[in-house]
Structures are given as C-alpha cells and as structure tokens.
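Subject: Structure handover

Hello,

Below is the structure I am passing on to you. My notes on what was found in it follow.

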Amino acid sequence: MTDAEQGKSPENPWPVRAVATRVAKYIDRLGMVWIEGQLTELKVRQSTAWMVLRDPAADMSLSVSCPRDLVVNAPVPLAEGTQVIMLGKPQFYTRNGSFSLRISEIRAVGLGELLARIERLRRLLEAEGLFDPRRKRPLPFLPRAVGLITGRASHAERDVLTCTTDRWPAVRFEVRNTAVQGTNTVPQVVEALRALDAHPDVDVIVLARGGGSVEDLLPFSDETLCREIARCTTPVVSAIGHEPDNPLCDLVADLRAATPTDAAKRIVPDAAAEQALIDDLRQRSARALRSWVRREQHAVAQLRSRPVLARPLETLDARTAEVHRALAATRRDVTRTIAAETDRIGHLSARLATLGPAATLARGYAVVQAVAADGSATVLRSTADAPAGTRLRVRVGDGAVTALSEGEDEAH
C-alpha cells in the first residue's frame, strides 16, 4: 500500500502524527513572511512575549511569539491597538496542532504611512462614487426612533441624548454601545450598524465619538466600516471627533456633523423653535386673512356704491319714460296718419261722387237700357237700337222704371 493510497479511505487512514508532520512540513516551506496588523493582546514573560495580531479590516487574528528583548527594544512602545509590521516564520506545533508565527523583527507603522494609506483608500472610495452628493439621503424631519452607536457612558452619548431630548422631549433612542477605539471597534460598529439598519422604527442612525488623536480615530477610516455605512438603507450621520477631525466615514455618511452636539441639532427639530414658527405662521396667516377680508369688503363696497347697484331701478325708470314718450309719439303719428288718410279718402270719395253717374242722375239725367227677351240689358246709344215695341228700363237718380218704346219720334 503506497502513501498516496493511504488516507483516502476509512479502511486505511493516516495517523495523527502523519497528518501533523505533513502540515508542519508544508507550512515550513512558506519561509519568512512580513505581516501587518494590530496588537490586541500582549503578554510578556521572562524570556518570551506572546501576542495576538489582528486584521483591522476582518475578524481574523493570529498568535505570534517572539523573544522578550524584541518587545522591550521595539522602535515604539508596544501596546494593545498598536499597528505594527512583523517579520516572522510560520510554525505548526505538531504536539498540540496549533499555529503560530515566530517573530524575528518588529517595525511600527508610522503615522505618515497610515495617513498615506487612508489617502489611497479615500481616492479609491471616491472613484467608486461613495462620496457622491447625489447618493446622500435626506434626514427625516421627525424620526420615529434614532439609532445611536457610541461608547458606553461616553461624553458623546451624553451630549447626543441630552441635547436631543432638550430639543424634542418625545424622541426615542435605540442605543448600541460599542468600542470606539482599538481593534474591536470596526466589527462591533459594523454589527451595530446592521442591527439598527434592520430595525423597523429607526429612521436615522448616529455614529458618535468624541475627539482624539489620529491613531484613536483610525478605525473610523477603515474600509470595511466605510463600505458598511454606504450599504445602509437608513440615513447615517457621522459625528466623529471635532471640527478638525476628518475620518473617511464622514465622507461616506449621508451627513457629517462637526460634533455629537451638532448631530443632535441636525436629527430632530427644536420644539421651542417649531412652536415659535407655528405661532408666527398663525399670526401671519391671520394678518393675511384679515387683509384679504378688508380688500374684499372694500371691493364689495365699491361695487355697491356704483349707480347701477346703488339705484338698480333708475335705469329702468329712465327707460320707462322713454317707452312712454315713444308710445305717445306713436299714438300721435298713428292718429295723424289716420286723420290724413281719412281726409284723403274723403277727397277721393268726393271726386268719385262728382265723376260717377249717380251725381249726373241726381241732376235730372237718366240712363236708358234696352232689355232683351232673355232679360239682359244694354245701354241705349241710338234710336235705332230701340224700335217700337222694345222694352226699356229707365234709371233715374232714385231708382229705375220700365217703358215700352213706340219707335223713333219723328217730331224730333
């Protein structure tokens, strides 16, 4: 049975010593490596120092050990939270199956190097658009609850709670106390951010810490924390340090407050100021309403003072007189026309009577007609038309008589 086949089945397993030995040989091939992190534990014994080196951007750590003199003679005093670079050789202890780094050189990360890294990260986040003002969310006018992430019993917590309550007594808080300095800051703050962002009543989150040195505020320029703030759906207010301090979370947050007290003034309105504003608006509204009523009353008074509205029947009265005058004139014209036409008809009747046969008959003349056997009558115009025996009808002024013709009168 070969070594390649051993360990491939439950019937032919490797013993612990074989696995431990192989792992130790594999790790030994890594050689010397440079590693960077933050010290979270430091225990110095008589000849050996034991430390825990943690990655500030992730929840990962390694155990390291070194001679005591290396810690005592380090270029800077080593303490928990110190950022260091170490040269060490990975080691796997087959006796208990533990992994560690045996350190042979320690270098402190200088402030200039830290600031340069922060500047590179700032340019990266800016290029990704995390600082873009267009992605900043507005704060609610009156949040249902305010999420507060700060140190336990810190001045920042007291300032935010006191100032906010003074401005709006009914405000509710969801407080999450976390580390605000050291290696545990980033994971605890990230966890608190996620919890408050998922809270159904929290409408704004405040990340508050008092002032401090550049090293103290380094966790708030951590890439993991900045990206977590950018992922939040709830508006985040950054109140880290004081006015000169400018960690990267200030640029990613939806609003940067100069101090925790300034953050309290930004997240809730001032009840007294709002009441004064309401009172002022009510007074201005009342004045505006009274002015409007006065203008409308003046306009109505002007309309009522116009003659057409002050004396609405005056126009009708004037038109009534005109109608009466027109009726009188019409009656006069009709009467005059009737009189003229009556006079004209009288003249025409007189002329007709004068020219008609009745007037001639009244003067003694007569109209003689020859009556035929069928009763028709024709005007006698010649004696020849009335031979003897012809029946005649003689019409005079007051009637007509009949006669019998005896023929032509020779004596005539």
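This is a predicted model: local features need pLDDT of at least 70, side-chain atom pairs count only at pLDDT 80 or more; totals for chains, interfaces and linings use all residues.

Val371 is another residue to check against E12, where Ala377 stands opposite. Towards strand E13 (residues 391-396), E11 is joined by 4 bridges, again with the strands running antiparallel.

What lies between E11 and E12 in the chain? The two strands form a hairpin, with 5 residues between them. In the turn, Gly375 has a positive phi of about 95°.

These strands belong to an open sheet of 4 strands, in the order E12-E11-E13-E14, with antiparallel pairing. At its edges are strand E12 (377-379) and strand E14 (399-404), each of which pairs on one side only. From one strand to the next, the twist averages 30°.

A second open sheet has 5 strands, and here the pairing is parallel. Its order is E7-E6-E8-E9-E10. The edge positions are taken by strand E7 (173-177) and strand E10 (255-256), and each pairs on one side only. E10 pairs with strand E9 (residues 236-240) in the parallel sense, over 2 bridges. To find this pairing in the viewer, go to Val237, which stands opposite Leu255 in E10.

Ile85 stands opposite Arg107 in E5. These two strands also make a hairpin, with 4 residues between them, and Gly97 there takes a positive phi near 65°. Val64 has Leu101 in E5 as its bridge partner.

Next, the charged side chains. How many salt bridges are there? The count comes to 21. One of the pairs is Arg137 with Asp254, whose closest N and O atoms are 2.8 Å apart. This pair links distant parts of the chain, as its residues are 117 residues apart. Arg137 is in the loop between helix H3 (111-127) and strand E6 (145-150). Asp254 is in the loop between helix H7 (248-252) and E10.

Which residues gather in a patch of positive charge on the surface? They are Arg287, Arg290, Arg294 and Arg295. Arg294 lies in helix H9, which covers residues 271-305.

- the hairpin of E11 and E12, with Gly375 in the turn
- the hairpin of E4 and E5, with Gly97
- the salt bridge of Arg137 and Asp254
- the patch of positive charge that includes Arg294

Regards

Key. Residues are numbered from 1 along each chain as its sequence is written. Side-chain values use heavy atoms; hydrogens and water are left out. Patches are made of residues with over 30% relative accessible area and no salt bridge: like charges are joined within 9 Å, nonpolar side chains (Val, Leu, Ile, Met, Phe, Trp, Tyr) within 5 Å. Accessible areas come from the Shrake-Rupley method with a 1.4 Å probe; for residues, only the protein chains shown count as cover. A salt bridge is a side-chain nitrogen of Lys or Arg within 4 Å of a carboxyl oxygen of Asp or Glu. Lys and Arg count as positive and Asp and Glu as negative; His and the chain ends are not counted. The place of a charge is taken as NZ of Lys, CZ of Arg, CG of Asp or CD of Glu. Two strands pair if DSSP finds at least two bridges between them. Axes are lines fitted to C-alpha atoms, for helices over the stretch in contact, and angles run from 0 to 180 degrees between N-to-C directions.
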